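Please study the sequence and the structure before reading the solutions.

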Amino acid sequence: MAQEDVFRKLVAHCKEYGYVFPSSEIYDGLSAVYDYGQYGVELKNNIRKYWWDSMVLLNDNIVGIDSAIFMHPSVWKASGHVDAFNDPLIDNRDSKKRYRADMLIEEHVLKMEEKVAREVEKARERFGTAFDEKKFRETNQCVLATQSKIDDLNRRLAKAMNETDLAELRQIIIDNEIVCPVSGSRNWTDVRQFNLMFSTEMGSTLEGSSRIYLRPETAQGIFVNFHNVQKTGRMKIPFGIAQVGKAFRNEIVARQFIFRMREFEQMEMQFFVRPGTELDWFRHWKDIRMRWHTALGFGEANYRFHDHTKLAHYANAATDIEYRFPFGFREVEGIHSRTDYDLKQHQQYSGKKMQYFDPEKGESYIPFVVETSIGLDRMFLQVIAAAYTEEELRKEDGSADMRILLRLPACLAPVKLAVMPLVKKDGLPEIAEKIVHTLRFDFNCQYDDKDSIGRRYRRQDAIGTPYCITIDHQTVEDDTVTIRYRDSMEQERVNIRSLKDIISEKVSIGALLKKL
Ligand code: ATP
């Protein structure tokens, strides 16, 4: 099945099974804004907890905060967002569609990279085990020519973005004959800057009100609290501050479901270090964060680093962790070495010292910062895209059947176990209810007695419930039940008393954290 079809089905599945709904749907929705349903919110909470615990529980020197969404307007002047949090936009006159100029170019580069990857794969098939990929990339004329074009294009794009050279961005699009994906034409307008921050008024009267912004990132709430946390927590460098919260960006192009939203949640951690040590810490956090992703078991080959060649003015190193979504490798998380830029700016704009006295060195300095920044919603999409599976099943009579399941890691699944009486009589529902009442203090349990047992299993597969417990007539005799495993569909007969132990270990986020 084409990857676009898989993605379309995934979006429909999220809606049908109570994961994600379009916002204000009865009014035809609001572009790039979504609501999480009864299962979506549980999955989101579990991802958030996995992140939070990996930062705050596992590290003695990282603490969390929860700062307000509204901040003093000077914060955004100091951070550079008022003047420079812009995206370059371009319109196609024929389709009337609007694009981010840099993204049009990046997508063009991606297509060329895919071409190289296809050449490499073809050669791998041809040469078999004797294939030397490095040598092939260094000597194959076709690959070399495409790679050289990619490098040139990346260099040009980086320069144009760094210098905010809008005319050059347009010229790159023209020179590379990039067409509008909708109209197929090259009838482009000029490139213009567009600020992504939402603003509103604070205060009751027009004269007395002031323009404030909905924060476009959570990081600034951490920077302005740097001293509060350092002093009250008696934190010694190196230390980190973590935060999860809403951020808002008036994205020009909001496509691909919850990949790019206008209201979303970020999970950010700013790690304050001695100047000069930041690149070591940058490598350290790259490693830690990649392990956090791969521990989920979705396959290491589906992740890669994308080191930035075009660095933001405040950064001296930056990388993205990318995941292979159905629409290609895309950023899930950014890791940035932000130097002392933010604290220095706040020191300058607020007039308050942002220095730290290092008792070991006996001197004061403004710390450098390494940031890890991941979108909770984007991570949600990554998890659900990796988990969504359509499986063909062979029935005993030889005919084929289909089941759709979410292979969610058990510790992230919204419902951990469904408890089902085989029939609604003979005391079976009472036993099932008793099990739910006992286990609900430990896990999210669901009681389900509607429809045939087969349909109930399918329903639980579709929401990703890892364990189904069935109560039958034998249960009345000997206190045993069947436990059915979502992924293998295997069934096992176990004693009711052992259920908690069997399931606890598998669904605990703690067990996953121990792997890190
Ligand atoms: P992009 O290049 O995709 O716009 P970015 O580099 O601007 O992202 P950052 O500012 O580094 O993103 O934000 C950190 C993380 O926040 C991203 O890796 C992503 O997971 C998430 N994020 C950013 N913008 C959005 C958005 N509009 N919707 C959902 N998640 C987002």
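A polar contact is a pair of N or O atoms within 3.5 Å; within protein, one atom must be able to donate a hydrogen and the other to accept it, and residues adjacent in sequence count only if both atoms are side-chain atoms. The model is predicted, so local features need pLDDT of at least 70 and side-chain atom pairs count only at pLDDT 80 or more, while totals for chains, interfaces and linings use all residues. Residues are numbered from 1 along each chain as its sequence is written, and side-chain values use heavy atoms, with hydrogens and water left out.

**Exercise 1.** Identify the ligand atoms that face polar side-chain atoms of Glu-251 and Arg-260.

*Solution.* Step 1: a polar side-chain atom of Glu-251 lies 2.8 Å from a nitrogen atom of the ligand.

**Exercise 2.** Describe how H2 and H13 pack.

*Solution.* Step 1: helices are DSSP runs (H or I, at least four residues), numbered from the N terminus. Step 2: the axes, lines fitted to C-alpha atoms over the stretch in contact, of H2 and H13 (residues 376–387) are 10 Å apart. Step 3: their angle is about 110 degrees, on a scale from 0 to 180 degrees between N-to-C directions. Step 4: H2 and H13 are therefore roughly perpendicular (65 to 115 degrees). Step 5: residues in contact (heavy atoms within 4.5 Å) include Leu-43 and Ile-47 in H2, and Phe-380 and Val-383 in H13.

Terms used: Helices (H or I, at least four residues) and strands (E, at least two) are DSSP runs, numbered from the N terminus. Angles under 35 degrees count as roughly parallel, over 145 as roughly antiparallel, 65 to 115 as roughly perpendicular and the rest as oblique.
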